[in-house]
Amino acid sequence: MPPARPPLPDTPGERIRVKRIYRAARVSDGKRILVDRLWPRGAAKDRARLFQWCKEVAPSDGLRHWFHGHPDQWQAFTTRYQAELATHDDLIRELAGYAREGVVTLLYASKNETHNNAIVLRDYLRQWLEREGQT
């Protein structure tokens, strides 16, 4: 018998989680979506158990390279990445739709667990859902 799923959080915003792709997949992850532009080094595709690889919602190559060289510029990265996300309404709507249905785990490869693109994307999605009146 498969493990039981934990109770679903009440609001879609609470259903959006972030996790390093190198951590083990769990039933509680729901839909696992990789949000990096490049495939993570050393991550086995069969163990990733992805629902989707959404490269298009990842930071642009230019922004990704810039942040790699300026890790102390977190706020500037956040602002620039949010501006990029604003041009991807269709992808944001799709990801928010998954959160309405159940848990979504945004996967990233960065070693920095507090400053990475998945954190910015999660917060952006939560704000988008709030503006749409679906928190």
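**Ground rules.** I number residues from 1 along each chain as its sequence is written, and I leave hydrogens and water out, using heavy atoms for side-chain values. Since the model is predicted, local features need pLDDT of at least 70 and side-chain atom pairs count only at pLDDT 80 or more, while totals for chains, interfaces and linings use all residues.

**The sheet.** I looked up the strands (DSSP runs of E, at least two residues, numbered from the N terminus), and I found four of them in an open sheet with parallel pairing, in the order S1-S4-S2-S3. Strand S1 (16-20) and strand S3 (52-53) are the edge strands, each pairing on one side only; two strands pair if DSSP finds at least two bridges between them. In general, strands of a sheet pair through backbone hydrogen bonds, either parallel or antiparallel.

**Strand S4.** I traced five bridges from S1 to strand S4 (residues 104-108), which run parallel, and here Val18 stands opposite Leu106. Four bridges join strand S2 (residues 31-34) to S4, also parallel, with Arg32 opposite Thr105. Is S4 buried or exposed? Five of its five residues are buried (under 20% relative accessible area, with a 1.4 Å probe and protein chains only), so S4 is largely enclosed by the rest of the structure. I checked both faces: Val104, Leu106 and Tyr108 are buried on one side, and Thr105 and Leu107 on the other.

**Glu94.** I placed Glu94 in helix H4 (residues 89-101), where a helix is a DSSP run of H or I of at least four residues. Glu94 counts as partly exposed at 31% relative accessibility, the term covering values between buried and exposed, the latter being over 50%.
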